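Here is a walk through a structure, chain by chain and then down to a handful of residues. Keep the viewer open and follow along.

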Amino acid sequence: MKLNKPLNVSIAGLEFNSPLILASGILGVSPPTMHILADYGMGGITTKSIGPVKRKGYPNPSIIGLGNDTFLNAVGLANPGIERFSHEITEIKKKEGLVVIVSVFGDNSNDFARTASLAEKAGADAIEINISCPHAEVSSIGVDPKITFEYVRAVKKAIHCPLFVKLTPNVTDIVKIGMSAEKAGADALVAINTVSGLAIDINTHRPILAHGIGGLSGRAIKPIGVRHVFNLSKAVSIPIIGCGGIFNYEDVLEYFLAGASAVQLGSCLYYGYDIITQIRDNLIRYLETRKLDSISQLTGLAHHYKEIGFDD
Amino acid sequence: MTKNEQSITDKPFTTEIKSVVQETPLMKTYYVSFVVQGKIPSVIPGQFILVWIPGIDEIPMAISHVLDNGDIGFTVKDVGEATHALHKMKIGDLIGIRGPYGNGYQLKDGFSIIIGGGIGIASIRLLVQKALQKNPNHLLVIVGAQTAKELLYLEELQEILKPSQMLVCTDDGSHGNEGFVTMILEKNLLHIKEKAGANRITVYACGPEIMLTNLLKVCNTHKLELEASLERFMRCGFGLCGLCVVDPLGIKICQNGPVLNSAVLNELDDFGKFHRDVTGEKYRIDSNHG
């Protein structure tokens, strides 16, 4: 670790010049915009989840705000399909120093594997598999350790680059799923995807999102994410990328202390691109004040406090 | 526009349609109360709302009317499934509103030329009102439509504007001058420049994208500043879905737009050429993209 770059992190052999990574599903379609995010301080970007074929997703309303920096969405994995999206991946990859993670999904493990392989060929540095979107069919994969194992194994066999597995919090025991993914060859875990939720309009008596059930993101889910990262990091030895409700540098630090080696940002982009730079600069300031050479030194420090009951 | 705290109105606020006015054969204006938690919305001309038609869709609509009691109005052209469903709704029916979203027109000192084409006239209506209050002597409004029947707010505009402040055109010549708003602007530019004198001239416009791209060319040629309102497909309205981004500046139509100025428009590769569809796929505007 270079002393002059306290925010450099390394995950599965990939060097990130910032631990801040764009979360899947947020803004992840326009290559120039991905490059702009890098300029503002993102070390990596994760594309929208891409499937084997074009998919329209659900009608609107598909993303709404609930107040208090909390959001509910059911986009339904809308995406152009890997063949049409490949040239966008190649374009995104043109930015020097930006780690490009392509999120993929499919109807079966072959679809996942084929889509991942095509994404890698187009230039992806890493593949993230979405087995956890709470408002689409893929959610049934990430709730079962055996099926998770099968899908992770299939994708791992099809690619040469690192494989990240994004986990759902909508399970009884996320640790079992995480361990299963590790055993199948995952190079890192991403925790957490959105929390399953529902909002109902009291005047029309109807769920607001066109799809009904959605995924809750934003400030409200941060403690859930931090808890899951903490428990996962006790059980697995692969790196964990923390995700869920990060709006400032303190939130990033919490995830690191719980055991994360990097983090993903999503809902906070509600406040514009400047928030990335603010978080990055405040992290550097925090490390300088504490005379820490690297943010990685913070990973998992909260585990020292064993007297606290961390189990359910 | 960067916010400091999340707006309570990012969640659809369901409210009854209070009145409906048939403006043209294909256009209706809907009025609703939009006072959320006691707050009357503060609306900048050019801003938009997302209108939820329960069970059908949610679509962006320019705010065309703001009343003193907090009621707002928006004019809808019956062009697709969602707008058609809206056209069938009656007084008392519930719709959801969230917003207002985006950056509106920044009315500047000097001479203002305000241009609306077709349903785009809905976006400039509040700006015309504001310009009339601010500087009525340095104002010209140009409105155009395909035919006389589709000229929106014509009677009202003729009432509040003097004949010298207004030019009307239709593609088929069925009302006013025959031709496009860009042609009318160029034809009258010498006269407008005389009227403006030493004052800076700014053009504000909303209409079909082809009209706006042509307008930008005219404005660039004659060194006039342009503020134009663009339209893109969007899901969230607050900068997260990324579908309304215009390349290569990372500009989000929902947050940084919908109104963009010449400096930005001149840098946009997408302007007049590309949109993104519901899946995020980029396509040429002139293609038969399904």
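This is a predicted model: local features need pLDDT of at least 70, side-chain atom pairs count only at pLDDT 80 or more; totals for chains, interfaces and linings use all residues.

As for secondary structure, chain A contains 8 helices and 16 strands. Its radius of gyration is 18 Å, close to the 20 Å that the globule rule gives for 312 residues, so chain A is as compact as a globular protein of that length. If you want a box to picture, the C-alpha atoms of chain A fill roughly 50 × 45 × 40 Å along the principal axes.

A compact globule of 290 residues would have a radius of gyration near 19 Å, and chain B, at 18 Å, agrees with that. The C-alpha trace of chain B spans about 50 × 40 × 40 Å along its principal axes. Buried residues account for 57% of the 290 in chain B, and its accessible surface is about 11900 Å², 51% of it from carbon and sulfur atoms. For contacts in chain B with a separation of 6 or more, the share from residues 24 or more positions apart is 64%. Chain B has 28 positive and 32 negative side chains, with 3 Å between the centres of the two sets.

Next, the cysteines. A disulfide is a covalent bond between the sulfur atoms of two cysteines. How many disulfides are there over all chains? The count is 0, where a pair of sulfur atoms would have to be within 2.5 Å to qualify. Take A:C161 as an example: the closest cysteine sulfur to its own is in A:C243, 19 Å away, which is too far for a bond. A:C161 counts as buried, because its relative accessibility is 7%, under the 20% cut-off.

Let's zoom in on a couple of loop residues in chain A. A:I192 belongs to the loop between β10 (188-191) and β11 (195-197). Is A:I192 buried or exposed? With a relative accessible area of 1%, A:I192 is buried. Looking past its neighbours within four places in sequence, A:I192 has contacts that include A:K166, A:L167, A:P169 and A:I174, plus A:I221, A:I224 and A:H228. Among the contacts of A:I192 is also A:C243, the residue that holds the closest cysteine sulfur to that of A:C161. For a sense of scale, A:I192 and A:G97 are 95 residues apart in sequence and 25 Å apart in space, C-alpha to C-alpha.

The other one is A:S261, found in the loop between α7 (249-258) and β16 (262-265) of chain A. A:S261 is buried as well, with a relative accessible area of 17%. Leaving out residues up to four places away, A:S261 touches A:V9, A:I11, A:P239, A:I240, A:F256 and A:T299.

Last stop, the backbone. Most residues other than glycine have a negative phi, and most peptide bonds are trans. In chain A, the peptide bond from A:N60 to A:P61 is cis, with omega near 0°, and A:P61 lies in the loop between β4 (44-46) and β5 (63-67). In chain B, the bond from B:D247 to B:P248 is cis, with omega near 5°; B:P248 is in the loop between β14 (245-246) and β15 (251-252).

Which phi values are worth a look? A:K291 has a phi near 55°, positive in a residue other than glycine. A:K291 sits in the segment after α8 (274-289) of chain A and is exposed, with a relative accessible area of 71%. B:Y153 has a positive phi near 55° too, in the loop between β9 (139-145) and α3 (154-160) of chain B. B:Y153, however, is buried, at 5% relative accessible area.

Notes
Residues are numbered from 1 along each chain as its sequence is written. Chains are lettered from A and ligands numbered from 1 in the order in which they are written. Side-chain values use heavy atoms; hydrogens and water are left out. The radius of gyration is taken over C-alpha atoms; the globule rule is 2.2 Å times the number of residues to the power 0.38. Buried means under 20% relative accessible area, exposed over 50%, partly exposed in between (1.4 Å probe, protein chains only). Contact means heavy atoms within 4.5 Å. Accessible areas come from the Shrake-Rupley method with a 1.4 Å probe; for residues, only the protein chains shown count as cover. Lys and Arg count as positive and Asp and Glu as negative; His and the chain ends are not counted. The place of a charge is taken as NZ of Lys, CZ of Arg, CG of Asp or CD of Glu. Helices (H or I, at least four residues) and strands (E, at least two) are DSSP runs, numbered from the N terminus.
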